[in-house]
Amino acid sequence: MAGYRRQLYRDDAVVLRVQKLGESDRIITLLTRRHGRLRAVARGVRRTTSKFGARLEPFGHVDLQLAGDPKGNTGSSLHSVSQVEGIDLYGKRFLGDYPRYTAASAIAETAERLTPVEREPSLRLFQLTLGALKALSRGEHATTLVLDAYLLRGMSLAGWAPALTACAVCGTPGRHRAFSVPAGGAVCPDCRPPGAAHPAPATIDLMSALTSGDWQVADATATGVRRECSGLVAAHLQWHLERALRSLPLVDRDGPPHTGPAGGVPAGDDGGAPGGHRGGRVLPPRVGVEGVDREMTE
């Protein structure tokens with residue numbers, strides 16, 4: 001239409017992903033405070049003379065001016081970035097830290113998967129994602145605990161929270177020993193399906209603590225319990241997403257040595273190699289740095 005000018009509007013956002021476009025442009029995937037997830041073209045940001053290219057890197061919290069219809073009713077589905085101001089660029093704090101970088105990548109990918117519809121506001125997910133990246137940048141808690149807390153709370157927002165204090169099938173209250181991902185969480189002996197995992201009681205307690213934000217309990221857990229918790233959380237999330245997350249297996253889940261009261265293997269640690277089942281417990285795989293997904297910065 002002759003004389004048509006795109007509408008300008010402002011919002012603050014978390015940068016989830018960047019993709020190359022042409023020789024000097026990028027497509028930026030954003031999770032905004034008021035307009036949900038959207039994609040925008042940032043022109044010329046790959047040039048060395050770009051004024052705001054460094055502000056549009058993954059994991060940054062930025063304030064933007066965008067050109068386009070915020071409701072997506074007219075014009076292109078891709079908006080254009082016209083101005084950017086950095087609020088807090090968390091990504092620069094993760095570049096030299098492999099565990100935190102891979103955890104941040106898994107958080108960003110999960111946020112994108114939990115917002116399948118563009119421009120659908122999701123304020124609570126935005127606040128949760130921003131808070132998780134801020135917690136990673138501060139380093140007050142173990143990286144894997146921050147990631148698993150984000151995944152559990154993200155699933156709660158999506159309606160996929162695992163049952164932890166009652167049977168997922170019949171609703172019988174109590175702390176049940178078996179855990180079935182297809183059934184929806186902890187299951188009682190009568191409802192336990194074949195192949196259900198049998199995590200340590202401390203693992204279920206850790207999942208409950210991460211969901212409720214009880215960091216005093218979470219920080220005191222042993223490394224083996226944390227790894228078993230990570231395996232269950234990852235399996236539960238990917239079951240409901242119906243697809244694997246590319247960044248999740250790359251997360252470095254090796255923590256500092258932790259010994260039990262007698263100086264031996266901590267409770268809940270079976271001492272076996274990760275990436276399989278041992279005694280009915282689900283453990284996440286380990287991978288090397290060579291497997292890092294480069295999609296976040298291409």
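This is a short tour of the structure, stop by stop, for you to follow in your viewer.

Before you click: the model is predicted, so local features need pLDDT of at least 70 and side-chain atom pairs count only at pLDDT 80 or more, while totals for chains, interfaces and linings use all residues. Residues are numbered from 1 along each chain as its sequence is written, and side-chain values use heavy atoms, with hydrogens and water left out.

**Stop 1: the whole chain**

Show the protein chain as a cartoon. You can find six helices and nine strands; helices (H or I, at least four residues) and strands (E, at least two) are DSSP runs, numbered from the N terminus.

How much of the chain is buried? Of its 298 residues, 48% are. Buried means under 20% relative accessible area, exposed means over 50%, and partly exposed is in between (1.4 Å probe, protein chains only). As for contacts (heavy atoms within 4.5 Å), take those between residues at least 6 apart in sequence: 64% of them join residues at least 24 apart.

**Stop 2: the cores**

Select F94, L133, L147, Y150, M207, L210 and L248. These residues have the most contacts inside the largest nonpolar core, which has 49 residues. A nonpolar core is a set of buried Ala, Val, Leu, Ile, Met, Phe, Trp, Tyr and Cys residues joined through side-chain atoms within 4.5 Å. Which elements give two or more residues to this core? They are β1 (8-21), α1 (98-113), α2 (123-138), α3 (143-158), α4 (201-212) and α6 (223-241). Helix α3 supplies the largest share, eight residues.

Next, zoom in on M207. Not counting residues up to four places away in sequence, M207 touches L152, P162, L164, F179, C229, L232 and V233. Then move away to another core, which lies apart from the largest one and has 17 residues, including A40, F52, L56 and V62.

**Stop 3: three rings**

Show the side chains of F59, F94 and Y101, which form one aromatic cluster. A pair of aromatic rings is described by the distance of the centres and the angle of the planes. Rings of Phe, Tyr and Trp (its six-membered ring) pair if their centres lie within 6.5 Å; planes under 30 degrees apart count as stacked, over 60 as edge-to-face and the rest as tilted. By this rule there are two aromatic pairs.

Start with F59 and F94: this pair is tilted, at 5.9 Å centre to centre with 55° between the planes. F59 is in the loop between β3 (36-42) and β4 (60-67), and F94 is in the loop between β5 (79-89) and α1, so the pair ties together parts 35 residues apart in sequence. Both F59 and F94 are buried.

Now look from F59 to Y101. Their ring centres are 5.6 Å apart and their planes stand at 80°, so this pair is edge-to-face. Here the loop between β3 and β4 is linked to helix α1, with F59 and Y101 42 residues apart. Both F59 and Y101 are buried.

**Stop 4: where α3 meets α6**

Colour α3 and α6. Their axes come within 10 Å and cross at roughly 30°; axes are lines fitted to C-alpha atoms, for helices over the stretch in contact, and angles run from 0 to 180 degrees between N-to-C directions. On the α3 side, T144, L145, D148, L151, L152 and M155 meet R226, C229, S230, V233, H236 and L237 in α6.

Pick D148 in helix α3. Is D148 buried or exposed? At 1% relative accessibility, D148 counts as buried. Leaving aside neighbours within four places in sequence, D148 is in contact with L210, R226, C229, S230, V233 and R253.

Across in helix α6, select L237, which is buried, with a relative accessible area of 0%. With neighbours within four places left aside, L237 is in contact with T110, L151, M155 and L245.

**Stop 5: two positive phi angles**

Finish with R119, in the loop between α1 and α2. R119 has a positive phi of about 65° although it is not a glycine, and at 18% relative accessibility R119 counts as buried. Then jump to E242, in the loop between α6 and β8 (277-278). E242 is not a glycine either, yet has a positive phi of about 60°; E242 is exposed, with a relative accessible area of 73%.
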